[in-house]
Amino acid sequence: GVVAGGALGADGGAVLGPGTGDNAAAALGINAEPGDVVVSIGTSGVVSTVSTTPSSDPSGTVAGFADATGNFLPLAVTLNAARVLDATARLLGVDHDELSRLALSAPAGAGGLVLVPYLEGERTPDRPHSTGALHGLTLATADPAHLARAAVEGLLCGLADGLEAIAALGNPVRRVFLVGGGARSEAVRRLAPAVLGVPVLVPPPGEYVADGAARQAAWVLAGGSTPPVWPATSTETYQADPVPHVRERYAEVRDLTADRS
C-alpha cells in the first residue's frame, strides 16, 4: 500500500494515516467521486469505480477493494494493457506515434481482424496459460494499419468487458477517466469512447497515485469528515459514436486461444 501518514501530532506523537493501495490513491488523486470510473492503462489494465456500497461478484471478475476515503472500490484487472501497444509497435517496426496513425487510418473493426491480446496469459478472463491470437486475417486485412487497429481495439475490448462487469453489479457509470501510460496514445484516446460506449475524460499525465497519498495525508493532519478540497484536475473530453459490432466480433473469438506449449 501507499503510506500516507507519519507526521508528528500536537502532543508530539506520530500521526498515522490509514494508507491505501495504488488504484485507490489514483482515484483520490484525480478526485473521483461515487459513480466515477477510472480506466488505467499501464503494464496491466485496471477498471475501477468509487462506490458507496460493497460489491460481490461470485464469478471473481470484479474484486472488492476499499477506496482511500471510506468508500469501496470494485475493480477488474487485465494483465495485458500498454504492453499490447509495445509488442505491436515492435512487431511492425514503428514507434508509438506511427502505431496510432496506422490504427486511426484503418476502419472500425479492422475489417474483421481481431487481436485477442493474451500475450502473458490473462486474469480477466481467468486464462493464466493462454496466448494471444489473431483472427480474421485475409488478404485485405494483412497490412500494418489493420493490425494496429486490431491491437488497440483488442486492448480496449478487454477493458470494456471489465467495465461491463462492474456496471452489471449495479454500479452507476457517471464519468469515465482514462489514465496511465497507454492513455498517451492518440489512438487509445480516440477509440476508447467508441469501444467503451461512453465519453472519456483524459487528465494530463501525472503522478496521481502520489497525489492521492498526499491528499490522504493532508486529510489526516487537517481532520474533518471529508478530504481537503484540492484544485480539480483539468481534463480533455473524447467522444465518439459507439461501435458495438467491434465488441460483438471480439466476443465471438476471445476464447479461441491456445495454451502455452
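Entry 1. I began with helix 1, which gives 4 residues to the lining of the largest pocket, the largest share of any element. I keep in mind that this is a predicted model.

Entry 2. I then listed the other contributors. Alongside helix 1 (22-29), at least two lining residues each come from strand 1 (36-41), strand 2 (45-49), strand 6 (175-179), helix 6 (208-222) and strand 8 (236-238).

Entry 3. I looked up the volume of the largest pocket and got about 550 Å³. Its lining holds 27 residues. Nearest the centre I found Ser40, Val179, Gly180, Gly181 and Gly206.

Entry 4. I sorted that lining by class. I noted 14 nonpolar residues, 8 polar and 5 charged for the largest pocket.

Entry 5. I moved to the second largest pocket. I recorded a volume of about 200 Å³ for it. I counted 18 lining residues there, with Tyr118, Thr124, Pro125, Gly158 and Asp161 closest to the centre.

Entry 6. Which elements give two or more residues to this second lining? I found helix 4 (144-168) and helix 7 (244-253). Helix 4 has the largest share, with 6 residues.

Methods
Residues numbered from 1 in each chain as written. Predicted model: local features only at pLDDT ≥ 70, side-chain atom pairs only at ≥ 80, totals over all residues. Heavy atoms only, no water. 1 Å grid on protein atoms, 1.4 Å probe; cavity = no way out; pocket = protein on both sides within 12 Å on 5 of 7 lines; lining within 4 Å. Points joined across faces, edges and corners; volume = space filled by probe spheres on them. Nonpolar A, V, L, I, M, F, W, Y, C, P; charged D, E, K, R; others polar.
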